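My notebook is open and the viewer is loaded. I'll jot down what I look up, one topic at a time.

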Amino acid sequence: MKNIFSGPYPSNKLLLLYFFVLCVSAFFCITTSVADDSEIILTPDVVGMTVSDAVQAFKEAGFTNNPIIETDTLVTAQNPLAGTEVSADEICTISTNTDKISGSGPVPNPFLASSLYAITHFDPSQSDSTPYGPPKGEFIIDTTTMPIVYAGPVNIITLASVNKDYMWGVSSSRVSYLYISEGKLTETAGYEALEDVTGGLVKAVPKENFQAFAQDTAVGMNTETMNTQLMELLGEEYAQMFGNGIYSVVDDENVLYTNFGSNLYAFALTDPENPAAGITPRYRINDIITAIQGTDHPEKVRLFGLSMTYDGRLIVTFSNGIAVINRDLDIATALFYQLADDEYVSNSIAVDENNGIYIASDKTMRKLVWTGTAISDAESDGAWSCPYTYSTQPPIIKVGIGTGSTPTLMGFGDDDRLVVITDGAQQMNLIAFWRDEIPEGYERIAGQVPVTCGFITLPDWIQSEQSVVVSGYGAFVVNNMPSTVPDDLIGKNNLLQVSLMGPAYETSYGVERFEWNTNTKEWSSVWNRPDVSSTSMVPIHSDSGNMAIVNGYRPINGWEIIGLDWDTGETIHQTIFGDLNGGNGAYAILQYLEDGDALFNSFAGPTRINYNTN
């Protein structure tokens, strides 16, 4: 970064990094800054030039800190207009014809392996929005004929590698390095992390056991018979697998950071030139809770989320606070910020380009700020906290009394900059908080709106364990609570519950799409679908398909993927799996690849689904 930029204005260098990365990504938004505080400069006319020539034109006009960019993409618009006098503290932008919405996406973090899929929830803003997606239409898919890498029982996300021919597989029992080129999905190397962290006490699950589960069905089963099956296939302590590898991140050196138990691992290829040589823990912190918080830490502290600052440090989220540590996991570099004793965090965090860290406990939404030397909660650094509504523990699926959402950032241009979650009310609300300064006349909560999912009679619970899906100023939420939960399912472990909901017990229904109006500063409901099931898989947005996409179970089709038109809610895509367990995306995130194939992170492992009907 220091070799790309010159000039004395560090506050603008991050904006110029935005300039550099986005001009070669899907959105192509370009930014630069003026020469000095005393100089007034006329903006040059760059419309019709290539981006490369436009950068040079800004440089010749007197602008400094210009990145070195070589691309023949044509400039289609600029702001301010050509010939406009601008002061030194003003930021100018130029756009190409591929720019969909000005400021619609987060600033890519240069220390991640990729701007997409290098972190759980897809990007630092936690948008769950991908440029790729499936074709329109109905497709009946036999999962037993599709390429799969057996792992599990939760395969939260298949993560980007620095090599586009490969991805990192992360499950609740193991990690793997997967070859994905040429339409394939094959394991090149693997590491039995759960067996390692338990010193061999928990043995690796044979892949044949995951295959057996994937090709079976939960139809007709109950908690007793399913629990017996899961113990036989996954081990008597299978419930303890839940929580491993849930939030992961891959950095620009192709190092995968994730947790198994209370151990934090940094996995790397043994030989980067030969991936088949295996996977090695490059760094590791055993019992990171004690290592960072000391032996007197609260008894029930858990390790949850991971993310990356924009200056390349690892952020570790615990149930009672966050730590920032160097990527070599040198414990001497760790700094810890502890939340109040009565607060509990059960999700990950969002991070903005200025190192604002957005963390939601079960009672309070916060913005903390990494200053480069400290984790600050000072208003003078831009930090804040705000309570929100919570209630009681739901009977199934959801963890905790507060939000089930990892905070998601919304708004990246000059308009409203928000962070959004669903709250903990029994009939939840969608809440937007101002993430920077509060506009005059407003409070920290910018707006909130009840989520009804279109139910004529509201059930006792409308609650989500999933993050809010965001694209532009659109938001999409799902309900994970069945209208009734039988007594024999209440209180059972999460994996048992999620394996039965739908084929054996009543599942959850209801989704809703909202829009934030930047003029009126209000939410509005765009559409809802009380007939759509979203059981436990994280929903996503597809930009190419203009869809909200969910995985759920309905008796008419069994397990399925449904794509709903982002603007109307109409069903425009269906992948029908039927009753086999291979269609259950338990707690994972659905992904799509550049060629339109689905990467379906099922209960039994990531599966590649090709929609080529020829």
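**Sheet.** Before I look at any sheet, I note that two strands pair if DSSP finds at least two bridges between them. Helices (H or I, at least four residues) and strands (E, at least two) are DSSP runs, numbered from the N terminus. This is a predicted model, so local features need pLDDT of at least 70 and side-chain atom pairs count only at pLDDT 80 or more, while totals for chains, interfaces and linings use all residues. Residues are numbered from 1 along each chain as its sequence is written, and side-chain values use heavy atoms, with hydrogens and water left out.

I looked up an open sheet of four strands and got the order 12-13-14-15, with antiparallel pairing. Which are the edge strands? They are strand 12 and strand 15 (279-285), as each pairs on one side only. Strand 13 (residues 256-260) pairs with strand 14 (residues 263-269) in the antiparallel sense, over five bridges. I also found asparagine 259 standing opposite leucine 264 in strand 14.

**Two helices.** Next I checked helix 4 (residues 207-214) against helix 5: they pack at about 155°, and their axes are 9 Å apart. Axes here are lines fitted to C-alpha atoms, for helices over the stretch in contact, and angles run from 0 to 180 degrees between N-to-C directions. Helix 4 and helix 5 are therefore roughly antiparallel to each other. The cut-offs I wrote down: under 35 degrees is roughly parallel, over 145 roughly antiparallel, 65 to 115 roughly perpendicular, and the rest oblique. Contact means heavy atoms within 4.5 Å. On the helix 4 side I listed Asn209, Phe210, Ala212 and Phe213.

**Aromatic rings.** How many aromatic pairs does the structure hold? I got 21. Rings of Phe, Tyr and Trp (its six-membered ring) pair if their centres lie within 6.5 Å; planes under 30 degrees apart count as stacked, over 60 as edge-to-face and the rest as tilted. Phenylalanine 242 and tyrosine 587 make an edge-to-face pair, 5.0 Å centre to centre with 65° between the planes. This pair links distant parts of the chain, 345 residues apart. Phenylalanine 242 is in the loop between helix 5 (223-234) and strand 12 (249-250), and tyrosine 587 is in the loop between strand 36 (571-578) and strand 37 (591-592).

Tyrosine 587 counts as buried because its relative accessibility is 8%. My note on the word: buried means under 20% relative accessible area, exposed over 50%, partly exposed in between (1.4 Å probe, protein chains only). I then looked at tyrosine 553 and tryptophan 559, another edge-to-face pair at 5.2 Å and 75°. Tyrosine 553 is buried at 6%, and tryptophan 559 is buried at 0%. I also marked one aromatic cluster, formed by Trp434, Tyr442, Phe514, Trp516 and Trp523.

**Alanine 291.** Last entry: alanine 291 lies in helix 6 (residues 288-293). Is alanine 291 buried or partly exposed? It is partly exposed, because its relative accessible area is 38%. Leaving aside neighbours within four places in sequence, alanine 291 is in contact with Ile285, Asn286 and Ile331.
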